[in-house]
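User: I am new to this structure and would like to go through it with you. Could you bring it up, please?

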Amino acid sequence: MSPSNYHRDCLGLIFPLFPLFSVCNCGIFGQNYHKIAVDSIRSDLNFLSSACAGHMDNCDWSALPVDILGEIVLKLESPQDIIYFSAVCSSWHYAYFYYKKKWNKSMPLLMLPENTTDNPNFFRNIFCPNNQRCYQLKLPQTFGARCWGSSCGWIVTFDVNQNLHMFNPLTTTRIPLPHLSTMPGHDFYDEFFDKDDMSFYELKGLFLEKVLVIQADDRGVGGDDYILITVPGQTSGIVNYAKPGDLVWTSVITKEINIKACVKDVVRWGSQIIFLYADGNSGYCDINALNHSNLEPATLMKYLPPPERFIPPYKVYLLVSFGDLLMVCRHKRCINYEIEDDPDDFSYQTIDFEVYKLNLGTKNWKRVNELDDVALFVGDNTSMSVRASNFSNCKSNCIYFTDDEWQFWDASEVKGGHDMGLFNMTKKKIETIYEGDDIRSVFCTAFWFMPMF
């Protein structure tokens, strides 16, 4: 038998066994998925009995060549299946370790708010849009913390002790970041606030509206060099940056080019870091200005004015999508805003999005009405995009969004998390992306993150 035929026949025998991999309990996933796996196994038993007749008695699954096992890893469609695969035996774990960085079968996952009721094992639900299912991860590191997602596998956590970490929810790798008290401008508030008495939510809002993870090296996704950039929660706030291993945060001087507005989003575009202001203006600095350890403040240079006839929206996002620099404007309406004597009735709802693309020739923003085969993901995370056709159940020409109006999460009876959905650019309509009732929170609502190992 030729090697190619041998590989093909082996894969034909192994793929029906995928549900079997899922019954391996590797410790971080909950039990709900195991019931699903067992149900799938029952439906496959008849097929296995015929397809594997004459082969099973002599098969040593642990002795399969690494390249075959690698093909299996790359064809698995969810990160939990890869984790279960790695727990089968030592040879399969080796294949997992060797091929995991090449796996890219998942679109962003939705991490739902923590469940603090009768949850001693600290399980947290993760919604996978690919197969429209929820899975559970044991993530005590995220409980009681505000979290932000990223496009490179990491989430950033900020706990009640003002500690910040980079955390990979799939591998449970955790990297400490400088303490909040080391941020420039932190002492300024000593004159006005007693931080020992200030609530966690107020403190969070003063310094951290969002924390972004920026790939610092040129290896792209899969590299291990990062820059963390903080976006402040108030107009006079200071943008700061740090790298894993730093002891303090360092400031970015943003007010010299735009004193009237605060930075709202940041993205790397080639060798430049682009900073987007709330009024649509942008500034930039070279990545080398932040990619060092001498802790010198970085100064921005003016880059682009806002689009013509630009009206600042409720939220504005910046991202690089397959080489294009995009600005995404999110418009909302107030609900029951006129009831001033009952602030608990106040709420908000996303009603529309506008997308602008930078024209490299003219250095102007141009409104685009179609995203073609692209889907965007915005909210409490580094803004990101994917090719929708590469993933099952991913809708093209759409914007997936989560609730990131943190200042109102604990000021409304509906709580934070309700303003979440999918905006269809063609139909101009909002669609539901998750039907569960576990989306509400007063300090950390659902957010997107790209799973990576």
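User: Is Tyr-303 buried or exposed?
Analyst: Tyr-303 is buried, because its relative accessible area is 18%; buried means under 20%, exposed over 50% and partly exposed in between, with a 1.4 Å probe and protein chains only. This is a predicted model, in which local features need pLDDT of at least 70, side-chain atom pairs count only at pLDDT 80 or more, and totals for chains, interfaces and linings use all residues. Residues are numbered from 1 along each chain as its sequence is written, and side-chain values use heavy atoms, with hydrogens and water left out.

User: What about Tyr-284?
Analyst: Tyr-284 is buried too, at a relative accessible area of 19%.

User: How are the rings of Tyr-284 and Tyr-303 arranged?
Analyst: Their centres lie 5.3 Å apart and their planes meet at 65°, so the pair is edge-to-face. Rings of Phe, Tyr and Trp (its six-membered ring) pair if their centres lie within 6.5 Å; planes under 30 degrees apart are stacked, over 60 edge-to-face, and the rest tilted. Tyr-284 belongs to strand β14 and Tyr-303 to strand β16, 19 residues apart. Strands (E, at least two residues) and helices (H or I, at least four) are DSSP runs, numbered from the N terminus.

User: Which strands form the open sheet?
Analyst: The order is β12-β13-β14-β16, with antiparallel pairing; two strands pair if DSSP finds at least two bridges between them. β12 (263-269) and β16 (301-304) are at the edges with a single partner strand each, so one side of each has no neighbour in the sheet.

User: How many bridges join β13 to β14?
Analyst: Five bridges join them, and Leu-276 has Ser-282 in β14 as its bridge partner.
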